Amino acid sequence: MELRSLADVEPFTTKDGSTIRELHHTTAQSLAEAWLEPGQATQRHYHARTEEIYLLTGGGGVLEVDGESSDVRQGDAVLIPPGAWHELVAGPEGARLLCMCVPPYSHDDTYFS
């Protein structure tokens, strides 16, 4: 068993501007906690190979995926397929979420317009 605690993981800023703490990164998948401050947004981007699932664990905001926007809040889970442009704008409480990626997150698979 490989056990990791958020308290023991150093945060870093991803290419899209969110701050994350990556809990696991294997050859097949990754799991990270990400957060945005109130009003902060990720830079609109896509991943050519990576499928993502966002699970909001706190706060919320507006998530746009391929031109479709939706208010998201704690408890919501969103599937973002490979190649889908997306951007998250945090609401007044900020946004905290788990990001599950298959294959695992890579700066090299993050593209901007």
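**A walk through the model**

Analyst: Let's start with Tyr46, which counts as partly exposed because its relative accessibility is 23%. Buried means under 20% relative accessible area, exposed is over 50%, and partly exposed is in between (1.4 Å probe, protein chains only). Keep in mind that this is a predicted model: local features need pLDDT of at least 70 and side-chain atom pairs count only at pLDDT 80 or more, while totals for chains, interfaces and linings use all residues. Residues are numbered from 1 along each chain as its sequence is written, and side-chain values use heavy atoms, leaving out hydrogens and water.

User: Okay. How many aromatic pairs does the structure hold?

Analyst: Two. Rings of Phe, Tyr and Trp (its six-membered ring) pair if their centres lie within 6.5 Å; planes under 30 degrees apart are stacked, over 60 edge-to-face, the rest tilted. One of them joins Tyr46 and Tyr111: the ring centres are 5.2 Å apart and the planes sit at 25°, so this pair is stacked.

User: Where do Tyr46 and Tyr111 lie?

Analyst: Tyr46 is in the loop between β3 (30–36) and β4 (51–65), and Tyr111 is in the segment after β7 (86–102), so the pair ties together parts 65 residues apart in sequence. Strands here are DSSP runs of E, at least two residues long, numbered from the N terminus. Tyr111 is partly exposed too, because its relative accessible area is 31%. Along with Trp85, Tyr46 and Tyr111 form one aromatic cluster.

User: New topic: which residues have the most contacts inside the largest nonpolar core?

Analyst: Tyr54, Leu63, Val72, Ile80, Leu88, Ala95 and Leu97, in a core of 17 residues. A nonpolar core is a set of buried Ala, Val, Leu, Ile, Met, Phe, Trp, Tyr and Cys residues joined through side-chain atoms within 4.5 Å. Two or more residues come from each of β3, β4, β6 (77–80) and β7. β7 gives the most, with five residues.

User: And what is Val72 in contact with?

Analyst: Skipping neighbours within four places in sequence, Val72 is in contact (heavy atoms within 4.5 Å) with Leu56, Gly60, Gly61, Leu63, Val78 and Leu88.

User: How many bridges join β2 to β3?

Analyst: Six, and those strands are antiparallel. Arg21 stands opposite Glu33 in β3, and a hairpin joins β2 to β3 through four residues.

User: What about β1 and β2?

Analyst: β1 (residues 12–13) and β2 (residues 19–25) run antiparallel, joined by two bridges. Thr13 stands opposite Thr19 in β2. They form a hairpin with five residues between them, and Gly17 in the turn has a positive phi of about 105°.

User: Last one: is Thr14 buried or exposed?

Analyst: Thr14 counts as buried, because its relative accessibility is 8%. You'll find Thr14 in the loop between β1 and β2. Its side chain makes a polar contact of 2.6 Å with that of Asp16. For that term, two N or O atoms must be within 3.5 Å; within protein, one must be able to donate a hydrogen and the other to accept it, and residues adjacent in sequence count only if both atoms are side-chain atoms. Not counting residues up to four places away in sequence, Thr14 touches Ile20, Tyr105 and His107.

Methods: Two strands pair if DSSP finds at least two bridges between them.
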